[in-house]
Amino acid sequence: MPLPSHEQVSLLLRAWASGDQAALEKLTPIIYEELRRLARYYMSRERAGHILQTTALVNEAYLRLADCTRMNWQDRAHFFAVSAQMMRRILVDHARRNNKKRGAGYEQLSLEAASIVSSRRSHDLVALDDALESLSQFDARKAKVVELRFFGGMSVEETAEVLKVSSITVMRDWNTARAWLYRELKRDSAHAS
């Protein structure tokens, strides 16, 4: 069975938002498969033996999305951007709960030139989330680029589509945000020492 086009998915999302349950039935396999792709991407960055499994992450995200009955889905890109944000929230909430259970302090996240995160332990995820929240206070688009690319596993082109900007703008924002996050997390790490 061929995959539906972006336009077909967007139409189904809008129909679902209008209360069409048949549209949700058609969307479910599409949504679930894309959520599995996102979850695999997220979980590939987690440490080995992570308690939260890919299937559990997918199911939790799917249940939360299914509750979004009043959401005015603009299009497929909007839906999957919200999905990426939801998965980020689930993982960060899980990491915060685990850190509280252990009574652990948060270690600061170190960045490598080629990627944002060199270690994926739960406290690192929390540190990155906190830094992204700070970034979003003065440049929401750059924070969104990081969220979509890093947490959502989206390509430059997909990120550009979601944000309705050019690919060049996405790359510029991505590079600037990475440098800002590196400096911020390194500065916080130095203060914590």
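Colleague: So a helix here is a DSSP run of H or I, at least four residues, numbered from the N terminus. Which residue just after α6 takes a positive phi?

Modeller: G153, with a positive phi of about 65°. Keep in mind that this is a predicted model.

Colleague: And which residue does that just after α1?

Modeller: G19, where the positive phi is about 100°.

Colleague: Staying with α1, what should its 12 residues span, and how far apart are its end C-alpha atoms?

Modeller: Helix α1 covers residues 6-17, and at 1.5 Å a residue it should span 16 Å. The end C-alpha atoms are 16 Å apart, which agrees.

Colleague: Which residues of α1 are buried?

Modeller: V9, S10, L12, L13 and W16. They cover an arc of only 165° around the axis, so they sit on the same side of α1.

Colleague: Why would residues three or four places apart point the same way?

Modeller: Because an α-helix has 3.6 residues a turn.

Colleague: What is exposed on the other side of α1?

Modeller: E7 and L11.

Colleague: Back to α6. How far does it reach from its first C-alpha to its last?

Modeller: Helix α6 is residues 140-151, 12 residues in total, and it reaches 15 Å. That is close to the 16 Å expected at 1.5 Å a residue.

Colleague: How many of the residues of α6 are buried?

Modeller: Nine of the 12, so α6 is largely enclosed by the rest of the structure. Among the buried ones are charged residues, K142, E147 and R149, and the buried set also includes A143, V145 and F151.

Colleague: Different topic. How many cavities of 30 Å³ or more are there?

Modeller: Two. The largest cavity holds about 50 Å³ of space.

Colleague: Which residues line the largest cavity?

Modeller: E34, R37, R76, A77, F80, M154, E158, E161 and V162. The elements that give two or more residues to that lining are α2 (21-44), α4 (76-102) and α7 (156-163).

Colleague: How many of the lining residues are nonpolar, polar or charged?

Modeller: Four are nonpolar, none is polar and five are charged.

Colleague: What lies 2.8 Å from a polar atom of the side chain of T159?

Modeller: The backbone oxygen of S155.

Terms used
Residues are numbered from 1 along each chain as its sequence is written. This is a predicted model: local features need pLDDT of at least 70, side-chain atom pairs count only at pLDDT 80 or more; totals for chains, interfaces and linings use all residues. Side-chain values use heavy atoms; hydrogens and water are left out. The expected span of a helix is 1.5 Å times one less than its number of residues. Buried means under 20% relative accessible area, exposed over 50%, partly exposed in between (1.4 Å probe, protein chains only). The arc is that of the directions from the helix axis to the C-beta atoms. On a 1 Å grid over the protein atoms alone, a cavity is a set of points where a 1.4 Å probe fits but cannot get out, and a pocket is an open set with protein on both sides within 12 Å along at least five of seven lines; lining residues have an atom within 4 Å of a point. Grid points are joined across faces, edges and corners, and a volume is the space filled by probe spheres set on the points. A polar contact is a pair of N or O atoms within 3.5 Å; within protein, one must be able to donate a hydrogen and the other to accept it, and residues adjacent in sequence count only if both atoms are side-chain atoms.
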